[in-house]
Amino acid sequence: MPKSRIRKKSDFTPPPEKKTAIKLDTRRWIAPLMLGLFLVGLLWIVVYYVTNGDFPVESMGNWNIVVGFGFIAAGFGVSTQWK
């Protein structure tokens with residue numbers, strides 16, 4: 001009777017995968033709020049430039065740009081909470 005061939009075992013055997021369920025806290029309101037703040041800030045700045053400073057708040061002058069970037073910065077702040 002012929003002898004069967006012996007197969008070489010590979011040197012490295014990866015460890016078995018751990019199957020743990022990760023439960024993330026889903027906050028569905030973060031993404032729409034973030035995008036909304038980005039859009040409000042962008043629209044604020046665009047409207048200020050298109051109307052030559054007459055709108056959204058005429059008395060603020062160039063501070064309207066700061067307000068627009070403030071909305072955009074708030075959007076980035078909210079984005080840190082997104083998972």
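Tyrosine 49 counts as exposed, at 52% relative accessibility, where exposed means over 50% relative accessible area, buried under 20% and partly exposed in between (1.4 Å probe, protein chains only). The structure is a predicted model, in which local features need pLDDT of at least 70 and side-chain atom pairs count only at pLDDT 80 or more, whereas totals for chains, interfaces and linings use all residues. Residues are numbered from 1 along each chain as its sequence is written, and side-chain values use heavy atoms, with hydrogens and water left out.

A search of the whole structure finds three aromatic pairs; rings of Phe, Tyr and Trp (its six-membered ring) pair if their centres lie within 6.5 Å, and planes under 30 degrees apart count as stacked, over 60 as edge-to-face and the rest as tilted. One of these pairs, tryptophan 44 with phenylalanine 71, is tilted, at 5.8 Å centre to centre and 40° between the planes. Because tryptophan 44 lies in helix H1 and phenylalanine 71 in helix H2, this pair ties together parts that are 27 residues apart in sequence. Tryptophan 44 is partly exposed, with a relative accessible area of 21%. The rings of tyrosine 48 and tyrosine 49 form an edge-to-face pair, because their planes stand at 65°, with the centres 5.6 Å apart. Tyrosine 48 is buried, with a relative accessible area of 8%.

Asparagine 64 is likewise buried, at 0% relative accessibility. Not counting residues up to four places away in sequence, asparagine 64 touches Trp44, Tyr48, Pro56 and Val57, contact meaning heavy atoms within 4.5 Å. A polar atom of the asparagine 64 side chain lies 3.0 Å from the backbone oxygen of glycine 61.

Key. Polar contact = N/O pair within 3.5 Å; in protein donor to acceptor, adjacent residues only side chain to side chain. Helix = DSSP H or I, 4+ residues; strand = E, 2+ residues; numbered from the N terminus.
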